[in-house]
Amino acid sequence: MKKYLLFFGVSLFFLGCADKPLATSVVELSGNEKIVGWNDSRNINKCKPKVVIKEIVKYKPLKDSDGDGVPDIKDRCPNTPKNLAVNHYGCPIITTLRIHFDFNKWNVKKIYYPEIKKVAEILKANPNLKIEIAGYTDNIGSDKYNLLLSQKRAEAVKNVLVKVYHINPKRIIAKGYGEKYPLVPNTTPTNRALNRRVEIINISNSGIKEGVFTGEDIKTD
């Protein structure tokens, strides 16, 4: 995902005088208005080249020091190890939960608790790890509604981690992004299902203890 920075240059172009018009009259046929640019005996030798200023747009790639596809000016997790999936802020995605919520609901069904427990185990094995629970929706509904719904669903997952698996709430941030940042275009029911997700993001910018997390998504569909 390459990003570019715009900057502008200026170039000067010189245009010579136009050829003499075929007509010799300096009076417009429809009236008495003098036609601009036509020469009569008083200014026939006074034509001067015109200078036209045009803007030239050039592109300069933004610096991406860790090569994760997110430019440094936007990267909240610099020095991310290579080949890790990252979110739109450049922070590593630990895993993705595919949790089915009932329509207009945000309570987490108990059938998904075992998958959330895996996240709790990662946190317990990595006591310095802090995460963001990022909630997303598809594009059905208004932006405002989807933003609120995604926030409530992210907070619901956080509550399970805190109340059921006893994770310190200070280690978890719940944030809803609504329909922003879709994984795929919302053009089919399957694509919309992929975009309805909860991502667990490593915001401490620290490594995951080896052997605890394999790198595969946790899927609950």
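**Pocket, rings and loops**

A: Let's start with the largest pocket, which has a volume of about 450 Å³. The model is predicted, so local features need pLDDT of at least 70 and side-chain atom pairs count only at pLDDT 80 or more, while totals for chains, interfaces and linings use all residues. Residues are numbered from 1 along each chain as its sequence is written, and side-chain values use heavy atoms, with hydrogens and water left out.

Q: What makes something a pocket, and how is its volume defined?
A: On a 1 Å grid over the protein atoms alone, a pocket is an open set of points with protein on both sides within 12 Å along at least five of seven lines; in a cavity, a 1.4 Å probe fits but cannot get out. Grid points are joined across faces, edges and corners, and the volume is the space filled by probe spheres set on the points.

Q: Which residues line the largest pocket nearest its centre?
A: Of 23 lining residues (those with an atom within 4 Å of a point), Phe-101, Asp-138, Leu-149, Arg-153 and Arg-196 lie nearest the centre. The largest share of the lining, five residues, comes from α2; helices are DSSP runs of H or I with at least four residues, strands are E runs of at least two, and both are numbered from the N terminus.

Q: Why is the pair Tyr-136 and Tyr-177 called stacked?
A: Rings of Phe, Tyr and Trp (its six-membered ring) pair if their centres lie within 6.5 Å, and planes under 30 degrees apart count as stacked, over 60 as edge-to-face and the rest as tilted. Tyr-136 and Tyr-177 come out at 5.4 Å centre to centre with 15 degrees between the planes, so stacked it is. Tyr-136 lies in the loop between β4 and α2 and Tyr-177 in the loop between β5 and α3, so the pair ties together parts that are 41 residues apart in sequence.

Q: What makes Tyr-177 and Tyr-181 edge-to-face?
A: Their ring centres are 5.9 Å apart and their planes are at 70 degrees, so this pair is edge-to-face. Tyr-136, Tyr-177 and Tyr-181 form one aromatic cluster.

Q: Why is Arg-197 said to sit over the ring of Tyr-136?
A: The rule asks for NZ of Lys or CZ of Arg within 6 Å of the ring centre and within 35 degrees of the ring normal. The charged end of Arg-197 is 3.9 Å from the centre of the Tyr-136 ring. Lys-175 likewise lies over the face of Tyr-177, at 5.4 Å from the ring centre.
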